[in-house]
Amino acid sequence: MRPRSVAAGLPNAWLPGADWSDRHELLVFGERMTAAEAARALGSAPGWVRSLLALRNRFASLIGLNAAAPPAHSGLIGTFPLLHSDDREAVVGYDDRHLDFRIVVDVREGPADSRIIGMTALVRRRNLFGRLYLAAVMPFHKAIVPTLLAGVNDRSRAPVIPPA
């Protein structure tokens with residue numbers, strides 16, 4: 001199945017005061033996985049996504065946005081600090097002076113032998129620059145999130161090779 005966009009409600013406890021959100025979901029059959037396992041899709045993005053994020057990081061550092069995880073965080077998924085993780089939810093993100101963001105990956109039971117994996121993006125824009133930044137990255141966001149979720153689906157179908 002392909003990821004689909006669904007309504008994302010606000011407010012959300014993971015980022016109180018968020019003023020923008022979106023959500024995508026994917027139905028995965030077969031293998032059970034935790035939210036942390038599903039969230040690892042953020043760190044195993046295809047090359048074109050990694051290139052876009054590297055470009056974003058170079059640009060962000062020039063204009064005063066965080067280009068990397070704050071040094072206080074040791075647990076990372078991809079380049080994002082891991083804020084919470086259990087079997088049902090994994091939350092990554094950080095706060096910046098222009099905007100705060102969270103990505104919430106959740107897993108719940110679906111019909112028959114399936115799971116529904118959801119990815120919700122939450123943003124609290126702090127000022128005009130935060131609004132402009134979100135508007136600039138939105139076309140990329142709309143392409144990247146479904147791609148990351150599709151990667152979760154690809155990995156759930158791949159054969160599991162036990163460690164040596």
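This is a predicted model: local features need pLDDT of at least 70, side-chain atom pairs count only at pLDDT 80 or more; totals for chains, interfaces and linings use all residues.
Visitor: In which element of the protein chain is confidence highest?
Guide: The protein chain averages a pLDDT of 82, and 81% of the residues score at least 70. Among the elements, confidence is lowest in strand 3, residues 76-77, at a mean of 70. The highest value, 94, belongs to residues 114-125, that is, to strand 7.

Visitor: In what order do the elements of the protein chain run from the N terminus on?
Guide: The protein chain has three helices and seven strands, and among its contacts between residues at least 6 apart in sequence, 63% join residues at least 24 apart. Read from the N terminus on, the order of the elements is β-β-α-α-β-β-β-β-β-α.

Visitor: Which element gives the largest share of the largest nonpolar core?
Guide: The largest nonpolar core holds 31 residues, of which Ala38, Phe101, Ile103, Val105, Ile117 and Met119 touch the most other members. Two or more residues each come from strand 2 (20-29), helix 1 (35-39), strand 5 (89-95), strand 6 (99-109), strand 7 and helix 3 (128-157). The largest share, eight residues, is supplied by helix 3.

Visitor: How many residues make up the other core, to which Leu15 and Val91 belong?
Guide: This core lies apart from the largest one, and its members include Leu15, Ala18, Val91 and Leu122. In soluble globular proteins, nonpolar side chains tend to be buried together. The number of residues in this other core is five.

Visitor: Is Tyr94 buried or exposed?
Guide: Of the 164 residues of the protein chain, 41% count as buried, and the cut-off for that class is under 20% relative accessible area. Because the relative accessibility of Tyr94 is 8%, this residue counts as buried.

Visitor: What is the angle between the planes of Tyr94 and Phe101?
Guide: A search of the whole structure finds one aromatic pair, formed by Tyr94 and Phe101 with 5.2 Å centre to centre. Phe101, at 15% relative accessibility, counts as buried. Planes over 60 degrees apart count as edge-to-face, and the Tyr94 and Phe101 pair is edge-to-face, with an angle between the planes of 70 degrees.

Methods. Residues are numbered from 1 along each chain as its sequence is written. Side-chain values use heavy atoms; hydrogens and water are left out. pLDDT is the predictor's confidence in each residue, from 0 to 100. Helices (H or I, at least four residues) and strands (E, at least two) are DSSP runs, numbered from the N terminus. A nonpolar core is a set of buried Ala, Val, Leu, Ile, Met, Phe, Trp, Tyr and Cys residues joined through side-chain atoms within 4.5 Å. Buried means under 20% relative accessible area, exposed over 50%, partly exposed in between (1.4 Å probe, protein chains only). Contact means heavy atoms within 4.5 Å. Rings of Phe, Tyr and Trp (its six-membered ring) pair if their centres lie within 6.5 Å; planes under 30 degrees apart count as stacked, over 60 as edge-to-face and the rest as tilted.
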